[in-house]
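Please read it beside the sequence and the structure.

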Amino acid sequence: MNPMPPPTGTGSAAGRPPYPDLTLASAPVPALMRAFLPAHVRATARFTAPAQVRRLGLLQVSTYRGPARSFVRSTGDTTEPHLTLGVHSSGRATLVRGDGTAACRPDDIFVCDQEVPFLLHESVDFELHLVRIPRVALTLTDRQARALSARAPFADGPVAPLLGPLLRGLLDTLPAYSPATALRLATTVTGFVGSLAAEGPGHAQDVEDTVDVARTEGAAGAEPASGQVREQQDLLWRVRAYVDARLWDRTLTPATIAAAQHISVRYLHKLFEGQGSTIGRWIQHRRLEEARRELARPEAWDVAVGAVAKRWGFANATHFSRSFRAAYGMSPREWRNRTRPSEDPAGGDG
């Protein structure tokens with residue numbers, strides 16, 4: 001959206017600074033957000049126009065910079081479902097989202113869902129990057145996406161300290177990347193975001209649900225000891241690692257997995273029931289993830305879809321294409337064409 005001038009009488013002559021970067025929309029700003037906005041724009045403030053909009057493969061990057069101010073991102077975006085990943089290069093802000101507020105420092109990463117409006121109250125001069133990531137490019141469950149977008153800004157854990165500096169480095173040199181390199185880097189970023197979700201509360205809840213179901217192997221209603229919970233968590237992770245290492249193997253079955261982990265097939269199924277899934281669906285999900293990743297790699301654009309399907313354990317291209325469309329709403333070929341870099345720069349808000 002193009003910037004709009006402040007309402008009449010709100011400039012410096014009226015004793016208040018103008019807010020030329022705030023634009024107008026019809027929907028009201030949530031009450032908690034209104035408290036952070038100047039009185040003369042509380043009812044109408046919506047977007048601030050980005051200073052720069054660029055592409056990194058499938059990702060759209062909007063960069064905002066300037067003096068201290070507040071701005072709102074609404075839910076009025078009509079583009080495809082996406083998450084917004086935010087990181088400051090400089091400055092400090094208060095993030096207002098849902099019914100809470102949180103401090104946001106230069107090293108902090110925050111994620112917002114397109115369905116949830118948010119406000120950033122920048123307290124000093126700042127530079128902010130908002131990276132729009134299509135949901136179709138992320139292999140996250142709805143629960144993981146919700147949990148990740150509800151987390152307060154964070155810089156700790158095994159992934160965030162790597163992703164924050166990586167993003168800032170990438171975005172500082174973004175115009176220098178070739179389209180093929182940009183696509184590879186975008187894939188790296190989306191992989192990191194998936195890892196953020198895997199280490200966060202959404203994944204922890206998945207594990208807790210799994211433990212709740214799996215413990216029924218023992219006494220009904222009994223609370224497992226912390227050691228038993230840890231054993232079940234470790235077992236689930238071992239099973240996932242075992243599957244990941246053998247996705248190419250079309251003989252991979254619940255029976256072979258259970259035998260390798262020295263557990264019964266019945267107990268293996270209980271582990272995955274706790275996540276609302278089955279071991280069979282999990283294997284197919286992981287195969288589709290890896291096949292989709294390979295189809296988007298520039299070096300694999302000339303590889304036949306059937307060859308990619310076979311590499312990741314699918315019996316034939318027809319089954320693969322049908323499963324791919326059911327999972328992602330498009331054919332493997334459509335996905336591959338979509339990931340090819342466009343010659344036209346994208347516009348709009350991030």
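The model is predicted, with local features needing pLDDT of at least 70 and side-chain atom pairs counting only at pLDDT 80 or more, while totals for chains, interfaces and linings use all residues. Residues are numbered from 1 along each chain as its sequence is written, and side-chain values use heavy atoms, with hydrogens and water left out.

**Largest pocket**

The largest pocket holds about 1200 Å³ of space. Its centre is approached closest by Thr139, Gln144, Trp282, His285 and Glu289, out of 43 lining residues. A pocket here is an open set of points on a 1 Å grid over the protein atoms alone, where a 1.4 Å probe fits, with protein on both sides within 12 Å along at least five of seven lines; lining residues have an atom within 4 Å of a point. The volume is the space filled by probe spheres set on the points, which are joined across faces, edges and corners. Helix α9 (279-296) gives the most to this lining, with 11 residues. Helices are DSSP runs (H or I, at least four residues), as are strands (E, at least two), numbered from the N terminus. By class, the lining has 18 nonpolar, 15 polar and 10 charged residues. Nonpolar covers Ala, Val, Leu, Ile, Met, Phe, Trp, Tyr, Cys and Pro, charged covers Asp, Glu, Lys and Arg, and polar the others, Gly among them.

**Salt bridges**

The count comes to 9 salt bridges, each a side-chain nitrogen of Lys or Arg within 4 Å of a carboxyl oxygen of Asp or Glu.

| Pair | Closest N to O |
|---|---|
| Arg286 and Glu289 | 2.3 Å |

Asp244 lies in helix α6 and Arg286 in helix α9, so this pair ties together parts 42 residues apart in sequence. Arg286 and Glu289 are 3 residues apart in helix α9, about one helical turn, and both are buried (under 20% relative accessible area, with exposed over 50% and partly exposed in between, using a 1.4 Å probe and protein chains only). Asp244, at 34%, is partly exposed. Shared partners join Asp244, Arg286, Glu289, Glu290 and Arg293 into one salt-bridge network.

**Asp249**

Asp249 sits in the loop between α6 and α7 (254-261). Asp249 is buried without a salt bridge, and Arg287, the nearest side chain of opposite charge, is 6.1 Å away. For charge, Lys and Arg count as positive and Asp and Glu as negative, with His and the chain ends not counted.
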